[in-house]
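Student: I have not looked at this structure before. Could we go through it together, one question at a time?

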Amino acid sequence: MPTFAAANNSIMAYILGIESSCDDTSAAVLLDTLLLSNVMASQEVHKNYGGVVPELASRAHQQNIVPVVSQALNIAGVSMSDIHAIAFTRGPGLLGSLLVGTSFAKGLSLAADIPLIEVNHLTGHVLSHFIDVLSEDGKTLVPASGSKPEFPFLCLLVSGGHTQILKVKSPLSFEILGQTIDDAVGEAFDKGAKLLGLEYPGGPHIDRLARQGDSGQFTFAKPRIKDLDFSFSGVKTSFLYFLRDRMAENERFIEENKTNLAAGLQKTLVDILVEKVIRAVKLTGINRVALAGGVSANSGLRDRMILESKKRRWQVFIPPLRFTTDNAAMIAITGYYKFLDGKTAGLDIAPVTRSSLMPGE
Ligand code: KG4
Ligand code: ZN
């Protein structure tokens, strides 16, 4: 048993989290809110295809899941007999990928005779703000992201599949205030990157190039979408046509302007997101704003949110980079809150690929 647990009699539950919704196989162990391990196996195989190939993803999950889960248990210093419940990602995601995690979690729950907890991947991203780690002296718990937002707070959830502004009322009660009507912002980053000849996933490459570029050199039209909803397909199309026209004049245009193009695209996407967050704060009067999801790793978005928070006196909550993209720690923390509420699942539970699942459920 880990030293911290032995030294504190406040043990409630060891939760094993399993995430397999897309192309990362991950397992994590939490002791209540304290992160003991978070192991990740990313799949390199998709890079050559310009996107995630579902069949290859599920095959890689099958290969990775046993070693990833055993490593998570080893690092946490626990065995299956110590675990109180298994939380797994039910969806949204790719069916074949979700099926691997779901079936594995069911098998383990049956074998270990412990409860199974289904987790909405999106809720996981939001609740990653509530993960604790040990302080340097090992005596106290500290929030992994520096501080935890008080309820209610707003969350800009930005990933490869979703773009939403949520009002988070409690760990398991959310309201969607706005969302994309077409592409997710992560898709816009990835598709823009592909047009620039960059590898999948393109978001991190755009981020890296944008840091060396001038965002004022090229600007792209922003859509006018009502209320707190978003649209990104127009930006992608205008980026495509712009590149096509310029390449017709100079076939080395992309090569010669890559950093400025990345910076211009990133600024446009960040502007669209931040303008809606500003509006959401005005409409709700809530000035605690959190970022979540893969795109919250973007340095342009992070810097801009910090800037706006200083200017507008918001409290802004930015997750550590390791909790921005898909990971099982966020699934385990959500599992922990559901465990406290007695929300367990039966063995007949099946994955859900689309976001018919409400975040917070
Ligand atoms: O949350 P996530 O890992 O998976 C989904 O749930 O979709 O998000 C993946 C998305 C991809 O579109 C990826 O390009 C984007 O997050 N992403 C970034 C950055 N890091 C990851 N986008 C922009 N800048 C980044 N630094
Ligand atoms: Zn995700």
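Student: Are His125 and Asp326 buried or exposed?
Tutor: This is a predicted model, in which local features need pLDDT of at least 70, side-chain atom pairs count only at pLDDT 80 or more, and totals for chains, interfaces and linings use all residues. Residues are numbered from 1 along each chain as its sequence is written, chains are lettered from A and ligands numbered from 1 in the order written, and side-chain values use heavy atoms, leaving out hydrogens and water. The scale for a 1.4 Å probe on protein chains only is: buried under 20% relative accessible area, exposed over 50%, partly exposed in between. For His125, as for Asp326, the answer is buried.

Student: Which residues coordinate the zinc ion (ligand 2)?
Tutor: Donors are N, O and S atoms within 2.8 Å of the metal (3.2 Å for Na, K and Ca), and sites may look incomplete because water is not among the atoms. Along the chain the donors follow the spacing H-x3-H-x200-D. At 2.0 to 2.1 Å, the coordinating residues are His121 (NE2), His125 (NE2) and Asp326 (OD).

Student: How many residues apart are His125 and Asp326?
Tutor: Helices (H or I, at least four residues) and strands (E, at least two) are DSSP runs, numbered from the N terminus. His125 sits in helix H4 (residues 121-127), while Asp326 is in the loop between strand S12 (315-317) and helix H10 (329-340). The pair links distant parts of the chain, and the separation is 201 residues.

Student: How much of the accessible area of ligand 1 does the protein cover?
Tutor: The side chain of His121 has an N or O atom 3.1 Å from an oxygen atom of ligand 1. A backbone N or O atom of Gly203 is 3.2 Å from an oxygen atom of ligand 1. Of the 550 Å² that ligand 1 has on its own (Shrake-Rupley method, 1.4 Å probe), the protein covers 88%.

Student: Why does Glu308 count as buried?
Tutor: Glu308 is placed in helix H9. Leaving out residues up to four places away in sequence, Glu308 touches (heavy atoms within 4.5 Å) Val274, Ile278, Arg313 and Trp314. Glu308 counts as buried because its relative accessibility is 4%.

Student: How far apart in space are Ile15 and Glu275?
Tutor: Ile15 belongs to strand S1 (residues 14-19). Ile15 is buried, with a relative accessible area of 0%. Along the sequence Ile15 and Glu275 are 260 residues apart, and in space, C-alpha to C-alpha, the distance is 38 Å.

Student: What is the phi of Asp113?
Tutor: Most residues other than glycine have a negative phi. Asp113 is found in the loop between H3 and strand S5 (116-120), and is exposed, with a relative accessible area of 68%. Although Asp113 is not a glycine, its phi is positive, at about 55 degrees.

Key. A polar contact is a pair of N or O atoms within 3.5 Å; within protein, one must be able to donate a hydrogen and the other to accept it, and residues adjacent in sequence count only if both atoms are side-chain atoms.
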